[in-house]
Amino acid sequence: PRGDAISIHDLDGLHRAIGLLLVSSKKDLSGDDIRFLRQEMLMSQNTLAKLLGVSEQAVRRWETGKICMPKPSESLLRLLYRE
């Protein structure tokens, strides 16, 4: 009676597809993209920072869009997600 509805039966699969699209894309990752990938890998900002050899504050700034993620860190994040 209230119109059509959409139901997602495999939310994990949808998130995995979104993540793979992000890491396969040639465009730079946005702050929201970085946060999405980190959270999908179940990592804290501190854990990701340690893996990338940067400060937790750097990860926070990337995610808020205050600074751009350096290309080497972005490449490593893409590789980490694929694994």
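R78 and E74 are separated by about one helical turn because they stand 4 residues apart in helix α5, helices being DSSP runs (H or I, at least four residues) numbered from the N terminus. Their side chains meet in a salt bridge (2.6 Å, N to O), a term that requires a side-chain nitrogen of Lys or Arg within 4 Å of a carboxyl oxygen of Asp or Glu. R78 is buried, with a relative accessible area of 9%, and E74 is buried as well, at 5%; buried means under 20% relative accessible area, exposed over 50% and partly exposed in between (1.4 Å probe, protein chains only).

## About the model

This is a predicted model, in which local features need pLDDT of at least 70 and side-chain atom pairs count only at pLDDT 80 or more, while totals for chains, interfaces and linings use all residues. Residues are numbered from 1 along each chain as its sequence is written, and side-chain values use heavy atoms, leaving out hydrogens and water.

In helix α2, R35 and D32 lie 3 residues apart, about one turn of the helix, and their side chains form a salt bridge (3.1 Å, N to O). R35 counts as partly exposed at 24% relative accessibility, whereas D32 is exposed at 54%. Both belong to a network of salt bridges that links D32, R35, R38 and E63.

E56 is partly exposed at 31% relative accessibility, and R60 is partly exposed at 37%.

How values were computed: Helices (H or I, at least four residues) and strands (E, at least two) are DSSP runs, numbered from the N terminus.
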